[in-house]
Structures are given as structure tokens and as C-alpha cells.
Amino acid sequence: MKKYITLILLSVLALSCSEDLDQTPISEQGSNNFYRNTADFESAVTGIYSTLQSYPVYQFYLSETRSDNLYAVSPTGVRAYDPINAFDRSLATNTIIADNWNTDFTGIFRANTVLDQLTSEVVPDAATLDRLKGEAKFLRAFFYFDLVRTYGKVPVFNRVYTPTETLEVPRAPVAEVYDLILADLIEATTLLPDSYGSDSLGKVTSWAAKAILGQVYLTRSGPTYGIEGPGLDSDEYNLALEQFNDIIENGPFGFADDYARIFDYNNEHNEEIVFNIEYLSGGVGVGAEYPSVPVPDGYLRVNSVGFSNGETAKQVSADLINTYEEEDIRADLDILQGYTDQNGNFNPVPFYTKYLNLDRAGQDRFDWGLNYPLIRYTDIITMKAEAILMGGTGTQAEVDAAVNAIRDRAGLTPIAGVDLTTLLQEKRLEFAGESRRWYDLVRTGTVVNTINSWIEIEDVQNRMQTMDENQILFPVPSSQITVKENLYDQNPGYN
Amino acid sequence: MDTEILNQRPISKVDQAMVGQMAGVRVKQTSGVPGKSFSVQVRGTGSISAGNQPLYVIDGFPLEPATQNGSGDFGSGNPLDNINPGDIESIQVLKDAAAASIYGSRASNGVVLIKTKSGKLGKPKLSFNTYYGINQTVKKLDVLNAEEWIDRASEIIDSRWVSSGTGRTADQTSAERQAILGGFDTNFIKDDRWFQEGHPGLDYIDWQDEFFRTGEVKSYQLSARGGNEFVNYFISGEHLNQDGIARGVNYKRYSARANIEITANEKLKFGINIAPSYSVTQDPGVEGKDNLMHYVVSATPISENGLDYNIGDNAPYAWGRSVPSPIRTIENTIGENKIFRTLTTLFGEYEISEGLRIKSSLNLDNTEAKNKYFKPSFVDRNRQASGSFSSYQKQNFVNENTVNYDLNFNDTHTLSLLGGASYSIFKYDNQRILAAEGFGSDDITTINAANNISASGTYTLETKKVLISYFGRAQYGYQDKYLVTASIRRDGSSNFGRDTKWGVFPSASLGWNIDKEKFISNVEFISNMKLRASWGLAGNNTFSDDYASISRIGFSNYSYNGNFATGQVPINSANPNLSWEESETINFGTDIGLFKGRIFTSFDYYVKTNKDLLLSVPVPTASGFSSAVTNIGKVENRGWELELTTRNLQGGEFTWTTNFNLSHNTNEVKQLGPDNSPILGGSFDIEHNILQVGQPLYSLYVVQQDGILSAQDIANGAALYGNQTEGDPKYVDANGDGVISPADRVLSGHPNPDYVYGMTNTFTYKGFDLTVLLQGQSGGKIYSTFGRAIDRTGQGYQDNHLGFIRDRWRSPEDPGNGIEGKAYSTFGRIKNTDWLYSSDYWRIRNITLGYDLGSVIKTNIFSGLRIYVTAENWFGDDNYYGGFNPEAVNSNGDDYGAFPLSKSIVTGLNFTF
């Protein structure tokens, strides 16, 4: 009998190996083994960059679609971009607006994680440490800049906050958000290198930091419209010009002669590119979606692309199409006036094909391989022209030169005495489909009038509402408002 | 529950046998696809983010609970997969925490105890059961026919044309419109053939008629049981072949079982139960939105190529959907899911001394599943073949050791003590290979022919979890009058934080057999009377993330200059203090038998409170995460259950027995996250359900429709959604701010039915037996997210639409039924009462008429022969027009396009030798 009792006890004891309860993930890594060396931080910083991948699509919907470049009314009015295009006031539940908010904050969280963990003990090489820090700071500023332009006031986090802590942090005034953005960018200009070797091309340089810094100054200098938006009426045009002139005079960039080659799949990192978002095709999950977003599904099918993108054509506005001069080579490069479908019928709805190269279709609609130019040299010279026209130090000749360079490349004759209206129109054509137009209008104080008078003519289907100052910003996503009552206030003008 | 009926009628799955049988046990057949598991809810749902399925215990082997995904599916298998119902001796559902105490750590959703057949002393008894039948769909959805579709399409095209510019009128011909447009846009131009005699070149098609078919079901089961003083055995073999009611859907199962128990001597017993099984499901992907049945329902009812719509070289109809013929797709797509599973239990029992026994068991549930998918290029929208191969392996090992001591003192005091420990390990691996860029040939369906592999869609993943438990139970009885049971168990789960893995789950129960008392024993008409009370705690550790307590790094990659670059980022908001979700149940019950057992009734009242929920609390996404799992929140389920058995007629040639059960359950959210902020849920567009303190779980939360907007309404400043115009639906401005917005959503019912009932009537007359099972529910709501495919405002004319749109508003003079707005609307959509339906239904699940031929044919070839015929699901009614099956509602109240149930006629034979 004792023998059996011993047996029982043994079996019970055998069971009490409770270390077995300490299971660790097999297919993922625990974070306590991470952030221990330079390689870990290289990966962690790459993880921040990867947050940029959806940026062009969000910009297309929140900026290009919002502008007078697109009359993007879908046939049935049910697409997520329809109410954005139409200046609908109940946008707080819109998925694109929520996704963009979430993505920006994901990027900020990843940057804060790196900045919190980064020390000279784990990354002993000083130059590497500086660069990693500079990259994280730049990207944090970049995402905050997008937030402030899109939503105005947002909560500011200069370190990782736990979910519980974030429940106590309300939206900060726009000026405070800018304080962080400026501090980060200024520091990044000194921390970041001027260039990279070919295996790291595409990482952010000090020049990119200067370019965004100039853009931030330019944006802050815009009018306030009486809202808590991106403009602070700060009159920092000369600070902006300082950055742009530095890039023009000392940077390794140049003005491309051939407009089409700027967006050529075989000519990435060309002289125009100050900063871009990198994509790689081949089914490894780092490809781009944006090239076929404006394009209808049927167009891909008639061209034997092996996948659907599920999209309808985002109609380019008649107003934009009518703005092109006849000789302008960019019209045909950027816009297709319609296509003949599988049934042999010509569908006369114009859409952007600027970034599309059907021969370079990847494995699926998320797998295009073309880098997205975020800042090109043409941005720098036109922002410089804008800063001068808005009151910064410079000459009319400089302004005219910038515009005529663009016109010349587009096959157009030069003009003189370029004013703000002309500059905006030239930029509109140069950057069609590149999601610049909306911000240009906002910065220069022209957005409300321009958009409303455009709607009156363009909106033959009576699908749009007019806008007022409040629609310069988007609402805070309702999913964030409902997390905790009274944590975030809603932007005026939205319900 | 007595399962003798399992062989009396054709039952293809164990969960099917439980439908309508037990009070408080809601067995939902969420899908009519053969082989798919049912969803079982014991006493409502109390968990929000954690699992809500019961713990299944087969012959003492607790099987790892499965979690149901958002579409109501068990993607990673279900504990009842492949189990042959013919092998089942009994099914018992333990509902209250005390009854389930011995399984307490995972009993918060109830425990289903399944016992398989064992050997019986005597010479071998063979039985052969077979059945054959045919089945059809219970329901077709009412959608527009071709003429009605044309009527709607014309109205939309004309309206759109008129509103697309000045000088455009509905009476302009196609040629005139084409000239104005400078192109041929089918958004603005109609097909002239619609209005020509005999619509030349156009085929009118009812796609559902082509999709549904009459299927066959066949089953063969052979078993033998017997035994002598040393060995008892039960062995069986089975084959089931069940066609779905739609083309391309089939389920086949092959299973065997051997249950052998050896009595070595008076003290020592040991044995083995082993049940290998294999099943093959063919399903090209019929169920759910954006799947083939959705394409069938919403297909344009007009084709220029008959059923060969948009396949191969055929272009789609210019006014039709771009989806290729769903029928040809089904016929040519391979969706094959094979499950090979072996359940093994090895046990030994030794009696150390009188009343003192030890028992040990080793259990292994090993499942290997493989799924092959291949769609050839000619039925693909983009004429590119696609394919994948995925598989999973589940290994669930449990070792359980117990000591049992029974004492009987003078027949006055009985005492039973149990102590034990168990160790459980669950390993789940899954893999996938996803083909990319098409296949080299449509004839080779394996991935070696794929042109490329999608690196991001190809993976292997592994998880492992461990559960260690210690438990004890004492049962004391006094003169069989008073029964007291107390138990306690302590469980450690690897799912939880380093210092919070262990949970303690006590329970206690009291029973009083009043009929044993002198004062009542001479009351003639009372044959049984018992009062019961119990209290207990049970646990739940089923959560979608097995490592939620550990902060983890995942991949988020990028590239530099065409060089792939690995990115690593934090992927979860870890909670190092995560611990058990608990449910506390208080139960009062009584069992009363009257008139010598002619009437037997049982009544229970319970309050079940789930607390310290494993709740994914929404947090500001500014934190980097959208939710943080926390032990917080409280949900209460409360209800009563009545079971009544009456032997209405007995003793004569004609007998009639009625089993009736009725249960009532309501639930209420008592507490949520730190600030009790409501949690909104429901995918697509805006959320449509809400968790809110004081309200039932997943209360539906939508805007209310109130008729149709008239010109007068608009002139009077009626609240509008976007650019609504006359003839669009009128919504209720609940918050009175003058516009319709998501802020006008209001509470609109709950998915949990108030009442669930079942009734079985059994009649016998001489050799005949007749059984009728009625089952139903009432008081719940269902939200048809499938409506997004077939019933949405602003729906394009290409898609077919639910039939009630034919009574739409056409003009102020022709306002239709006052519910359906005009065909052409561009205001978009807002979640509203359109897709909200009652989930009430009643259904005669089963009518079986049997005849015992054995009593007529005297032969020594067999000892018994029964022949029967069964009709399943032939009668019933529901108010659900937005989908096929009101039971398809998942826990969030949605139906995402579930497959209809089948009705069948089956005949069968039961031989015994």
C-alpha cells in the first residue's frame, strides 16, 4: 500500500513542474530580448519608416480628393472617399480619417520607443547613435506635422505613454505640437548625415530634414482662418527661405529635364528626389498600393493585370483638365481621358495614371514597386517662390525663374510677373495627382473661396456641399472620441 | 440527455443531436454547410473578448475549447470535428458551477460531458445502421427577377443621366446620350435590347436555381459490443457521405473506434479508447460575404453567355457585375479540407483498499488538417489562377491522476472524497503557402505549378500553452436525504502573467431529497421531490492571444533602394498581470416527479456573473495600440429553465411521451473598462452594436428609419443625411440637432433571444414509433451585414437586390410601401434599421416514423430490424428576409451571409444481430 501512495505522490510531484507555465512566444520575439545592440535599433528604426508606406494613399484621399483636382463622386456615393470629396459634415466615423490618425500615432509611438531605449551603451558608435536618433526625431516630427495639418490639435507625446497614461492626455494647442515638431526637425538637421551609401539610399538625410523644416515654417506662416489649424500667421517666411536656399545652393539635388523620368520605375532616386517613401515589389509585403488607387478596376482587367484593385475611377475634375494649355506634355503623362472596356465601350471618365506602369504590376494591388516622391527639387523651388510672394526676402526674378523652369520642362512658353494665383495654378499642373494642391490653397489663405467657386461650377450632379473654414481640418475620429468621454473635444463644424 | 435516439434518426454530427433537447443549452446551427460545427451556448454569453464555447469532455478527456471567429466559423477546428455520433452513449451538459466544479477552471461557459459506448458483458452484439436520403435548401432569398432588375436599372440610369448635367432628359435615346457623352458609359446609357421583343442575345437567369440542388446523404455504421469477465469491448466503423444543398459542397467522414477495458484482477482495471477518423470537406468557399453564395445572390440576372458569364474569352455583360459566373467558379474551384484526427485515452484504475481507488489517464488528441485551394484562371475575374495550401496540427495532451475514497457507514452516512492533479499541454501549429502571379497551367492544381510564391502570405506559426490543475471534492450524504458537496481547485495557466497564473475556484452545493422525509413520503402522488442550491466559481482562459501578458516584437518591414530591410516593432500592449476571467453562478433548483413518474419536472433559477473579464479595452490609438487586454468588466446572465417530461399515455398499445424544455435568459453589462466608456463594435462603415453598462451584451445600435422623405418634409426642414432628396428614406433625428449623423444611433434590440424552447413528442403503437421535434426561439434580433451586398441604399443597379425593393418609392403619386426609398440615391449609407430583423423562429426539426420489423419477421439472421423515415426541417417559419438563416447570428448579432439549412427526407435501417 505504501508503495502505491508513494507512486501517487511521485506522479503529483512530477506534475508540479510549474516552470512549464512560463511559456514564451515561439513565432515572435519577446521585447525583453530586444533593444540590446545596434542591429536591433537599425531594425527598430526601419520599423518607424515602414509606417510611411500607407501615407500616399491617405494623402490621396485626404488631400487630393479634398481639393479641386478631383471630382471623385462614385456612381452610387457609397465609397469611403465620397463624403470626403463632398465636404460631408458627419465624417468623424470615416474609416480613412481614423486610419490616418491611427497610422500617424503608430509611427510616433514607434519613434518614441526607439528614442526612449536608445543610449550610447547599446549603440556605442557616436555617429550611428546620432543618425538613429535623427531618423527617429525626423519621423516623429513628420507624423506630427501630418497630424497638425489634418486634425489641428492633437495630444503630444515626447516619450512612450502607457495606454492608461494616454487616457489622461488631452489634445494640445497647435502651437505646442509645433514646438515638438520644430525642436525635432532642427535637431535632426544636425544629427542626420548628408547622404547614404547605395544600400541605405532612401533613408532620411539632413537635407530632407531641412526641406520639411522649411515646409513647416511656410505652413505655420499661413493664415489662421480663425481656427486651431495648421496656420499660425507666424511670418516665418525668411526662416523657410533659409532652408530652401541652403538646399538649392548646397544640396546635391537638381532640376530634372524630363518630366516623365521623375516618376520612372527605372529612374528612382533621381536628382529631383529630396525625400521619398521606398517601395519594393515582389510579394515581400513592402510594395505600394498608391499607383493604382485612382484607376478603375476595369482598366487593369483590359490590360491583363492579374489582380483586381476593387476601385472605381477617381474622376479628374473638368476644371483641372481645362487648365492645361494645349502644348502641356504633362496632361497626357498624368491623366488618361478614359479607356475602352472589355465590352469595347469607351468610358469617358478621366483618371490619374501618373504612377502607373502596367508592365511593372506586382503580385497584387499592394505590390507596386515605385518610390513615392515626398519632396522633390521642384517642391523646393516652388516653395521658395511662394515664400517670396508671401513676403519673404527674394526677387520677382527668382519667382519667375522657378515657374519658367517648370513651364519649359512641360513644353510651355515662359511668362513674367508671376503672382500667387499664377504660381498656384502652375503648381497645380506640375503636381497633379501628388496631393500638394490642398495644402497650397490652405497655406496661401485661398482655400475657401477657391473650393467653393469651383464646386459651384463643377458639381453638376449636386453631390457636394460648400465648405467653410472648419472644413480645413478633418474631425477627430469618433472611435477616439468614444474611448473616454471628454478626453478629446471634437473640431467645430463636424457632428 | 439520453442518446438512444442517436441511432433512431439520421444524425450526422454530435452537436446536431443536442438541438432543442436541453433547457439552458442553446445549440445554434450557424451554417448549413455539411461538417461545420454548431455554436453552443450554455446559459447565455458572459464573456466579451474571451471565448464563449463550452468545454467538451469526451470520456474524461477535457478538449481544448475552440473559439468562433467573427463570421461564426471555427477556422482552427472544433472539439467535435469528426466525432461519430453513433459511438455516443450519452451527452450531459453541466450548467452550474458546482456541477461543473471538477472542470471549474474552464467551465465558465458550461461543460459538455460526452460518454462513448463501452463493452457489455455477454456475447458479441453486432449492429448495422444505415440511412440514405436527399436534401434541399430550406430557403431561397427573394431577389429581383430579370424584368424587375431591368425596371430598377432603367430607373437608376435615367435618373443618373438626368442629374448629370443640364439639358439631359430621360427620354433621350441611347444614341443621343452617346453623342453628348463622347463615349459609351453604362452608368448613363441603357441596353436597348431590354425593351425589344424577346430581348435578343440576352439570357435571363435565376442564379439561385442554378446554385441549389438536391443532394444525397448516405451513412453506414457497423459496431460490435460484448465482453467477458476479463475484457469488455466496443468497436465500430462508420462512413458518412453528405452532399451540400448547393453545387460543389460535400462532406465525407470515415471513422473507427475501439473502447476496450481489461479487468486484470479484482483490484486492477485498465483500458484504452482509441478513435481514428478522417474527413474530407469540399467547399469552394460558398459561405460569407464576398464569397460564392454572395455572388450567386447578387449576380446580375442577365447574361449574354448563359451560365458561362464572364469566363474564359467571354466578357462580362456591359451592364452586369464583373464577377465571373459563380456557377462555373464553383464547378471548377477546388476547396478541399481534410482532417485526420485520432483521439486516444489510456487509463488504469487500482483499488488500494476497500473504497480507496486511484486512477490515472493519459489522453492525446492529435489533429492534422490540410486545406487545398485552387481556382483556375478562366473563372477568375482577372484570368489569373490562384491557389494556396494551408495546414494545421493540434496536439492536446492531458495527464490526469486522481485518488478516490468512498465510505459508507451503516447506509446512514456516505462520504466520497476525490483528489487529483492534471497536466495539460496544447500545441497548435499552422502553415500556409500562398501562390502568386498565377499558375503555369490550369490543369495542375498543386503549388509546384505556381508562377511564384507570395512571401508575405506564406508562413509557419507555432503556439503552445500549458495548464496545471489540482483539485479536490468531498461529497457527503445523510440517509440519502441531505447531500452536501464542496470542491476546490487551483489552476495555473501559461496564458497569464508570471505572478498571476494561478486561480482558485471553489464551489458548494446542497441537495435535499424531500421525498425521503416521513412527512411527505405518504403523499401518494409525489414520487420524487428534490431541492437543490449551489454556488461556485468557474474560470475562462480562452483568449485570442496566448501570450497577451508578454510584451512582444513583431515585423514591420521596409526597403531601402530596392533592398529589403527588416523592421521590428512592438506589437502588443502587454499586461503582465493578466489573470483568469471568472464566472460566479448561483443556482436554485427543484426536481419533482408526480404520479409514479408520469410527470417529471425540473426547474432552475440562476444568476451567473462573469467578472474580471478578459476584456480588450479600447484605448487611445495615440498610445500606439487600439486596445489593451485587462481583467476588468462584469456581465450578468440571469434566467430560469424548465424541463417537463410527461408520459401522457403509457401501459397500453399506444404510448405518448412529451419532453418539453423552455429557458429564459437575459444578460446585462454591469461594468466595462476603467471609465465604463461604452464600447462600439461591428465592422463595415460605422459601428452598429454597443456594449454599454445597464444594457444587454452587443445591443444593436443603429439609426431608425421612419418612412420616406417627401418634398414637404424637406421644405419643412427635415433632418437629412448628406445630400438626401425626395424619395430617399427618412431617418429619425434622435438627438434633435437637425441633421442625420451617426450620433442619431439608438439602442435597437439585442441578439440574445429571451426564450429558447424545444419539444419532443414520441408516440409508439405496436411496432411503430413516431417522434416529432419542435424547436425555436424568440425575443432576439439579427443584423444582416449581408445586407451590405444585396440591400444597401445607393446600391448600383448591376447587383441584384432583395425583392422588396420592387415596392419602392417611384414618385409622390406612386410611393410604394412607404419603406423602400427610390432606386437612385447618392447620399451613401448610414447603418439603420434596414438590416435589422427579428431572429424569432420555430421549426419542426425532425419527424421520424419508425417500424420494428423484427417483431414481425421471425428469423435467426438478425435479432432486430427497425426501418424508419425522417423528414428534417420541413416545417417552420421566421421573419428573417435579409439572409438565409436566423440562427446564423454570431455573438455580436450579425449574419455575414451564412449558408442555408437543408431540409431532407431520409430512410434508414437499424439491424442488430
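Predicted model: local features only at pLDDT ≥ 70, side-chain atom pairs only at ≥ 80, totals over all residues.
Residues are numbered from 1 along each chain as its sequence is written, while chains are lettered from A and ligands numbered from 1 in the order in which they are written.

**Chain A overall**

- You will find 20 helices and seven strands in chain A (DSSP runs numbered from the N terminus: H or I of at least four residues for helices, E of at least two for strands).
- Chain A is as compact as a globular protein of its 495 residues, because its radius of gyration is 25 Å, close to the 23 Å of the globule rule (taken over C-alpha atoms; the rule is 2.2 Å times the number of residues to the power 0.38).
- Along the principal axes, the C-alpha atoms of chain A fill a box of roughly 105 × 55 × 50 Å.
- Buried residues make up 56% of the 495 in chain A (20 or more other C-beta atoms within 10 Å of a residue's own, with C-beta atoms placed from the backbone).

**Where chains A and B meet**

- Contacts (C-beta atoms, placed from the backbone, within 7 Å) link 96 residues of chain B with 91 residues of chain A.
- Strand β19 (residues 459-478) of chain B gives the largest share of chain B's side, seven residues.

**A strand pair across the chains**

- Strand β1 (residues 29-30) of chain A and strand β23 (residues 552-555) of chain B run antiparallel, joined by two bridges (DSSP must find at least two for strands to pair).
- A:Q29 has B:I553 as its bridge partner in β23(B).

Definitions and conventions: Buried ≥ 20, exposed ≤ 12 C-beta atoms within 10 Å, placed from the backbone. Contact = placed C-beta atoms within 7 Å.
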